[in-house]
Amino acid sequence: MTNGELPAFHRIKIRVAALIFDGQDVALIRRTNDRGMTHYSLPGGNVEPAEPLPDALQRELEEELGLTPEDLESPPGFTWLLDAMVTRPGSSPPRKLHMVYRVRLRPDVPTKLKTFEDDDTVGRGDIVWLPYEETRDLDVFPPVPIADLANSDGQVDASSAMLPSLNDSSFRWI
């Protein structure tokens with residue numbers, strides 16, 4: 001390193017995200033980039049400094065979908081941890097730890113949720129509901145194995161919670 005340069009991935013950010021289930025359907029945010037490529041993301045976002053993880057998840061789900069704790073059948077269940085050190089075009093990225101939770105909605109909730117999400121940095125995205133088994137061939141971020149779940153509400157074995165790390169050789173931005 002020269003001239004005070006910092007090493008790559010010198011910062012760590014924590015991101016919370018949720019697999020939000022209504023029956024067998026999962027909520028994803030769909031966006032199309034300026035090259036016409038469609039990608040999906042799990043609802044969620046960065047944890048603020050000193051913010052407890054449950055509070056961050058609740059805040060993000062309320063901001064993006066209008067979802068409140070009363071809308072859930074049970075508290076969010078931790079599902080996966082994904083460690084990502086991926087170079088993003090045009091920025092000096094932090095290392096990101098993606099904490100992915102699973103939530104199940106009460107039956108009366110989906111019709112009252114938002115249908116789109118506006119993000120200051122990436123623009124508008126449509127909230128879509130897709131059968132979780134049909135997500136295998138979609139470009140989803142973070143790239144978690146949604147379609148590999150045995151069912152939409154079963155527990156994930158602790159040995160399966162830590163997903164393989166992402167880096168520039170295992171992931172590319174679209």
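Modeller: Here is a walk through the ring contacts. This is a predicted model, where local features need pLDDT of at least 70 and side-chain atom pairs count only at pLDDT 80 or more, while totals for chains, interfaces and linings use all residues. Residues are numbered from 1 along each chain as its sequence is written, and side-chain values use heavy atoms, with hydrogens and water left out.

You'll find two aromatic pairs here. Rings of Phe, Tyr and Trp (its six-membered ring) pair if their centres lie within 6.5 Å; planes under 30 degrees apart count as stacked, over 60 as edge-to-face and the rest as tilted.

Take Phe 21 and Tyr 132: their centres are 5.6 Å apart and their planes sit at 85°, which is edge-to-face. Phe 21 belongs to strand E1 (residues 12–22) and Tyr 132 to the loop between strand E8 (123–131) and strand E9 (140–141), so this pair ties together parts 111 residues apart in sequence. Strands here are DSSP runs (E, at least two residues), numbered from the N terminus. Phe 21 is buried, at 0% relative accessible area, and Tyr 132 is buried too, at 3%. Buried means under 20% relative accessible area, exposed over 50%, partly exposed in between (1.4 Å probe, protein chains only).

Now for Phe 78 and Tyr 101: with centres 5.7 Å apart and planes at 75°, the pair is edge-to-face. Phe 78 is in strand E5 (residues 77–84) and Tyr 101 in strand E6 (residues 95–104), 23 residues apart. Phe 78 is partly exposed, at 37%, whereas Tyr 101 is buried, at 12%.

Technical notes: Helix = DSSP H or I, 4+ residues; strand = E, 2+ residues; numbered from the N terminus.
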